[in-house]
Amino acid sequence: MKILDKFLNILYPENLTCVFCDEEIFDDNKFNTCESCYNNLPFIKEKVCARCGDPIKSMATYCDRCQNKKFFYDKARSVFYYKDEIRSCIKRFKFDGCKYLYKPFANFMAEKYKEENFDCDVVTYVPIHETRLKMRGYNQAELLAKEIAKILNIPFVEEAIIKTKKTIPQAELDYKQRQTNLVDVFKVKKSNAFKNKNVLLVDDIFTTGATINNCAREIKKSGANKVFALTFAHTIIEE
Ligand SMILES: [Zn+2]
Ligand SMILES: [Zn+2]
């Protein structure tokens with residue numbers, strides 16, 4: 001390792017170790033991931049539904065769900081499957097105060113954005129209710145969105161959407177309940193920010209897409225042209 005790199009590593013200690021295995025890493029690595037962990041991460045590489053990003057095995061363009069239902073977002077993509085070390089890393093990010101993980105996560109997501117040729121005018125995020133924000137101290141989706149906007153050099157819209165009601169976490173509900181749990185809980189405060197724009201909506205996990213869809217509905221109501229959703233991880237749901 002070069003002297004300068006060593007010096008930089010002292011200044012930015014988060015670059016020192018792999019976020020997945022804690023092994024020391026020596027090269028300049030925006031993902032904070034060692035080579036062996038990187039090669040084993042559950043990247044989504046399979047063919048996916050043109051809309052929701054669920055993997056599909058058939059020749060169809062859309063999955064069964066998207067063929068039968070109209071969604072408000074235009075396209076949703078995630079970097080990883082929500083499993084293994086990705087699952088545990090997200091838990092650390094959200095619940096164990098490992099706030100710094102937003103940086104490598106956002107770099108993975110920015111790569112995905114480029115890979116998918118998303119073309120967005122503004123970046124925003126799925127809000128959390130203010131009581132939860134006070135408890136956690138940060139909204140993980142906001143941290144990701146802000147960093148992605150910085151990396152891609154796209155304007156970031158802060159506090160554009162609010163969550164008006166506290167809801168039961170989607171993970172604790174079944175598929176049907178998840179669809180109604182979030183109806184009318186999101187409100188757009190800065191509708192001008194979205195008018196005639198292609199909006200990148202950022203969140204950490206895509207589960208049934210209900211959260212993304214309900215936010216996207218409000219964004220579209222504000223006159224947005226298209227809504228692209230980008231999440232770090234994608235849950236494979238059993239309906
Ligand atoms: Zn590692
Ligand atoms: Zn689909």
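This is a predicted model: local features need pLDDT of at least 70, side-chain atom pairs count only at pLDDT 80 or more; totals for chains, interfaces and linings use all residues.
## Domain arrangement

The domain assignment divides the protein into domain 1, residues 1-40, and domain 2, residues 46-234. Taken over C-alpha atoms, the centres of domain 1 and domain 2 lie 28 Å apart. Seven residues from domain 1 and eight residues from domain 2 take part in the contact. On the side of domain 1 that touches domain 2, three residues are nonpolar, two are polar and two are charged.

## Asn32 in the loop between α1 and α2

Asn32 is placed in the loop that connects α1 (3-11) with α2 (35-40). Asn32 counts as buried because 21 C-beta neighbours lie inside 10 Å, the cut-off being 20 or more. From Asn32 to Pro55 the separation is 23 residues in sequence, and their C-alpha atoms are 27 Å apart in space.

## Strand pairing around β6

Strand β6 (226-234) pairs with two strands, β1 and β5. With β1 (75-81) the pairing is parallel and comprises six bridges; within it, Tyr81 has His234 of β6 as its bridge partner. With β5 (198-206) the strands also run parallel, joined by eight bridges. Here Val199 is bridged to Val227 in β6.

The path of the chain from β5 to β6 passes through α9, and this β-α-β crossover is right-handed. Eight of the nine residues of β6 are buried, so this strand is largely enclosed by the rest of the structure.

## Helix α9

Helix α9 covers residues 210-221, and its twelve residues should span 16 Å at 1.5 Å a residue. The C-alpha atoms at its ends are 17 Å apart, in agreement with that expectation. Just after the helix, Gly223 adopts a positive phi of about 95°.

Nine of the twelve residues of α9 are buried, and therefore the helix is largely enclosed by the rest of the structure. The buried residues are Ala210, Thr211, Ile212, Asn213, Asn214, Cys215, Ala216, Glu218 and Ile219. Their cover includes the strands β1, β3 (161-163), β4 (186-188), β5 and β6, together with helix α8 (175-181).

Key
Residues are numbered from 1 along each chain as its sequence is written. Chains are lettered from A and ligands numbered from 1 in the order in which they are written. Helices (H or I, at least four residues) and strands (E, at least two) are DSSP runs, numbered from the N terminus. The expected span of a helix is 1.5 Å times one less than its number of residues. Two residues are in contact if their C-beta atoms, placed from the backbone, lie within 7 Å. Domain bounds come from an automatic or database domain assignment. Ala, Val, Leu, Ile, Met, Phe, Trp, Tyr, Cys and Pro count as nonpolar, Asp, Glu, Lys and Arg as charged, and the others, Gly among them, as polar. Two strands pair if DSSP finds at least two bridges between them. A crossover is right-handed if, with the strands pointing away from the viewer, the path from the first strand over the helix to the second runs clockwise.
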